[in-house]
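Visitor: I am new to reading protein structures. Please show me one, and let me ask about it.

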Amino acid sequence: MTPPAFEYHAPATAEDAVALLADLGDAAKLIGGGQSLVPMLALRLAVFDHLIDLRHVSELRGITASTDSVRIGALTTHPEVGASEEVRRAIPLLAQATPLIGDLQIRTLGTIGGAIAHADGAAEYPAVALTLDAQIETLSPRGRRTIPASEFFTGMWATDLDIDEIVTAITFPVWHGHCGFAIEEFSRRSGDFAMAGATVALRLDENSRIDHCAVGLFGLTPQPMRAQVLQAAPTGRPIHAVAAEAVGAAATAGLHSLPSDVNGSAAYRRRMGAEMVERAWRRAVQEASID
Ligand SMILES: Cc1cc2nc3c(=O)[nH]c(=O)nc-3n(C[C@H](O)[C@H](O)[C@H](O)COP(=O)(O)OP(=O)(O)OC[C@H]3O[C@@H](n4cnc5c(N)ncnc54)[C@H](O)[C@@H]3O)c2cc1C
């Protein structure tokens with residue numbers, strides 16, 4: 001299907017991009033790597049008069065690491081994230097998530113800012129951002145904001161971004177100490193969006209007790225979410241006294257209105273979600289365990 005005509009803009013700075021957005025309002029759409037927008041455009045699910053291409057805004061690219069955080073520019077592509085030594089060392093959950101995104105072509109062009117702004121409930125990066133308490137940095141004509149991931153994702157393909165606001169970077173805190181991280185997902189074919197997926201981040205104290213843990217879910221609900229697992233895995237409990245099955249059940253207990261369709265019933269999806277949490281939990285525990 002031929003997409004409707006639109007005017008193309010290629011700003012050189014983030015300030016120019018947000019000025020254009022402010023000027024053109026909802027007649028304009030941003031494009032990063034185009035791996036979600038172009039298919040929607042081709043199907044006429046996205047219709048706009050102006051396309052603002054961010055690819056010339058070099059200030060939105062790159063990865064900067066410090067002892068306590070790793071900041072990733074919005075235009076940084078999935079392979080750049082996955083290949084980064086800083087990301088592999090300091091944010092291993094993000095590195096593990098990257099090869100699970102779509103197929104090679106999608107990963108080659110897709111950007112982390114696009115994936116976060118698109119806020120797909122089945123996408124890996126938003127779930128990782130929620131699990132690790134990432135901060136989303138933005139710019140609008142009113143200035144810069146930093147939005148915690150927990151407040152950024154507001155619904156299906158919906159975020160806290162204003163109409164004239166762009167994502168400029170995502171900052172992930174570095175977890176120090178005895179930590180384990182794992183992501184697991186189930187999809188019918190390699191490269192498909194996950195039908196059920198889970199992320200686990202876990203830190204133990206010197207006595208092998210839970211110091212901090214977080215579980216994310218994706219593919220199950222319209223928006224990515226952080227699961228409630230405190231009852232099954234409270235802070236201070238010895239890690240070997242926590243059953244992975246209990247964590248999986250707790251993480252999925254509060255899920256409402258799971259879809260039922262040709263791919264699976266709601267009950268099947270809940271079971272798959274719990275299974276993904278259990279698998280990720282076991283791997284994270286193994287990695288964090290003190291020998
Ligand atoms: C067949 C197929 C399979 C896929 N499988 C997966 C998968 O398994 N996992 C997964 O996570 N994704 C998957 N995707 C989606 C895709 O990989 C990501 O959504 C994509 O990488 C998003 O990044 P992008 O730069 O391409 O975004 P774009 O398509 O350019 O933009 C997506 C949306 O974000 C907005 N946007 C882009 N950049 C910014 C910014 N800096 N600030 C504000 N708004 C912005 C755009 O206006 C648009 O609304 C799949 C896509 C296809 C077509």
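Visitor: How many residues of domain 1 are in contact with domain 2?

Guide: This is a predicted model: local features need pLDDT of at least 70, side-chain atom pairs count only at pLDDT 80 or more, and totals for chains, interfaces and linings use all residues. Residues are numbered from 1 along each chain as its sequence is written. Domain 1 spans 1-174 and domain 2 spans 178-288, with bounds from an automatic or database domain assignment. Contact means C-beta atoms, placed from the backbone, within 7 Å; on the domain 2 side 22 residues take part, and on the domain 1 side the number is 22.

Visitor: Which element gives the largest share of the side of domain 1 that touches domain 2?

Guide: Elements are DSSP runs numbered from the N terminus: helices (H or I, at least four residues) and strands (E, at least two). Those giving two or more residues to this side are α5 (92-97), α8 (124-131) and β8 (153-155). The largest share is six residues, and it comes from α8.

Visitor: Which element gives the most to the shell around the ligand?

Guide: The shell holds 30 residues, and G32, G33, G110, G114 and A123 are the closest. A residue is near if its C-beta atom, placed from the backbone, lies within 6 Å. At least two residues each come from β2, α2, α6, α7, α8 and β10. The top giver, with five residues, is α7.

Visitor: How many residues of the shell around the ligand are charged?

Guide: Ala, Val, Leu, Ile, Met, Phe, Trp, Tyr, Cys and Pro count as nonpolar, Asp, Glu, Lys and Arg as charged, and the others, Gly among them, as polar. The shell has 16 nonpolar and eleven polar residues. The charged residues number three.

Visitor: Is α10 oblique or roughly parallel to α11?

Guide: Helix α10 (244-253) packs on helix α11 (266-288) at about 135 degrees, with axes 8 Å apart. Axes are lines fitted to C-alpha atoms, for helices over the stretch in contact, and angles run from 0 to 180 degrees between N-to-C directions. Under 35 degrees is roughly parallel, over 145 roughly antiparallel, 65 to 115 roughly perpendicular, and the rest oblique. Therefore α10 to α11 is oblique.

Note on methods: Two residues are in contact if their C-beta atoms, placed from the backbone, lie within 7 Å.
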